[in-house]
Amino acid sequence: LDLNSNLITGTIDDSYCSVNLIIKNNLMTGKIPECFTCHFSDTFFKSNFDENSFDNYDTIGTCKTIPKLKYLNQTFWKQNKIVTEPVLSLIGQNIGYSESDIVSDIQFNYILKSNSIIISYSFYTPNRIIHEISFKSTGQKFTLTPDPYPPLLSSITSNNHILVFKGLYYSYDITEITITIGDKSCDVIDSTFYQISCTLTTYPNQLNNVSGTIKVDQLQTTFNLNLDNNDGNEVFNNYTSCPDNCNGYICNYNTGICECPKDWTGENCFTPNHYVSSITPTYEDGGLVTMNGWFGDIHQNLKVTIGNQECKIDTISSNTITCNIGAGTGKKDVIFYQNGITWKSFNFFVYQSKQQTCLNNCIDTNHGICNTSNGICKCKSGWTGFDCSSPSNNNNNNGNTNSTVNPDGSTTINNYQTAYNILIISLLELDINSDTVKQYPLQNNWNITSKDKKGSNVTFTQILNETECQIVLSIQEIENDIQYSFAGLEFKLDKGSIKLSVSIHNYKYQSPLNTLQLQMISNVSETTSNDCNSKSASTSTSILDNQTLNYISINKDNKILYGRFINRAISDGHTTLITTSLVSNQNESVTIGINIPHCKTSCYIDPDFSVIISPDFKSNCNNKSKKYIIPVAIVVSCIGVAAIVVITYFIYKRKQQKIFEKKIITLSSLNNK
């Protein structure tokens, strides 16, 4: 606000502290607020108030500066569009009127609000660095970090009801600090980044092993200490500590050992307990690989290995890593090493083939054409099914197929006298060696949470026993042919198909190396069928790791149940490749294990099933007609053979008679001579 040379009279109050004020060469009097005079060692700034009649113009005041480093959302023009992004900002009270007044390893670019908000447009990655920031005009120095961490305790001392806490990640703003000892409040009187002083006016009733909390800007740390009241003049500190106070997590005060949450490890819970939850692989000729998961912000001696190749790091953050890998084929182990900790997952990476194969190659080009980009058959007119093997007229006229979603979460598909069943039976937690460490039975534990009037779209849920993990199962009967999309893949769902969607939420793993396997069974019920379509049950599978789609099938009585399994899942919001394992395969039953990566918040999978009619299926089995056809065929054939024999004999006899007559004539001629 530039008001210089306007003959203005009057005084300035504190309400102008948020304005970069220029009022030289006026008639103003009184005192200049200390928010300005504390910067008067900067003569250029002081000149903004020159040529007036202020009482304290030649006095340098004292700034009560309370700075913080924070991320603030700012909207601005970037790359030809308006964006809103968090930017690193220095905020607080009495932080000055010029970005050039700040000395720091952070480059501040713009004053958003004078004396209270100065922002930096420089790229900044959270890295747990503690920054030293000083102001040239006031000579003050501060220690700050923008990365939020719970307050750390290293010691507590006390004298005459004044407790002194020493550690890290405190604040210069005493209004955002709360300390309680037992059920009593300790009133904060002074605070810096490294130390807090508070007054414990009243002692709690319990003096030994008293629990306490220290909260700084909503981040909290607990502690225990022993208080010796004596005459009220001395309190002897017997604080039982863990290393670095466990980074704000749980300290076992009996042992002094940190109890770290699952994402952290180490003696002080500073080391990220990293894992990979999803991978976007590359094709067989190699390229860029994206890994999502939890990697923390400390990456000492980072190395990622896929198979026997090192994946060269391109970019890294706390949740995403990109790296480049060479050419290869098939499934590969993934090893992720950093901070002295090795994470490994067997067969987690699968090189993708650019040429996808279709089920049974769509029979032949008369039946369908294979889309080699996604492995899906496009059937020609007159054919249907995943492999275009079934005549459309058989399936279009098939009015005897109906589906039932059962209360136990299973689905039954009935067709004529054949009944197919689909059911999810268990969830397994597997260790690094694929051994089962935990198994949860799922069948008969479902609760119906929603259901449409027709009963063809049902949602079930269940909470795993003694956990907070929720599993959601949605079963939908497709009433009309539709196009469907999941995890970036589009495909067709035929009328009468059964679509299953399964999501797993907030599963707590026993180890970050562990993964999940969801097991499901497809089988055919025993039926009595003596008609022309009667045929024993048989099963087959088409499971290839480098293909987009895998299949199982159960064939009975010339009807086929197909199960289609997409080799993709959505893990913690990211698309990732998964594999399907054949657990067991019997004449009338197939058990499939869908292998799910280490997902922290949620995993989604999406198989589907359909029954189609075999080309050998006969829609009309009339046993009397069949018996009639065989005898008639035999009689007609016999009559035909007899006729041929008679005619042949007659011709042969006639021929022989002519030969005989000829011989008679010849002999008669000789005798006459």
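**Exercise 1.** State how many helices and strands the chain has.

Solution. The secondary structure of the chain consists of 4 helices and 54 strands. These elements are read from a predicted model.

**Exercise 2.** Describe the chain as a whole: what share of its residues is buried, and what share of the accessible surface belongs to carbon and sulfur atoms?

Solution. Start with burial: of the 673 residues in the chain, 46% are buried. Next take the surface. The accessible surface is about 34,000 Å², and carbon and sulfur atoms account for 49% of that area. Finally, consider the contacts between residues at least 6 apart in sequence: 53% of them join residues at least 24 apart.

**Exercise 3.** Locate Asn-301, give its phi, and decide whether it is buried or exposed.

Solution. Asn-301 sits in the loop between strand 24 (287-294) and strand 25 (303-306). Its phi is positive, about 55 degrees, although Asn-301 is not a glycine. Most residues other than glycine have a negative phi. For the last step, the cut-off for exposed is over 50% relative accessible area. Asn-301 has 61% relative accessibility, so it counts as exposed.

Note on methods: Residues numbered from 1 in each chain as written. Predicted model: local features only at pLDDT ≥ 70, side-chain atom pairs only at ≥ 80, totals over all residues. Heavy atoms only, no water. Helix = DSSP H or I, 4+ residues; strand = E, 2+ residues; numbered from the N terminus. Buried < 20%, exposed > 50% of the residue type's maximum accessible area, 1.4 Å probe, protein only. Contact = heavy atoms within 4.5 Å. Areas by Shrake-Rupley, 256 points an atom, 1.4 Å probe, with all protein chains shown as cover.
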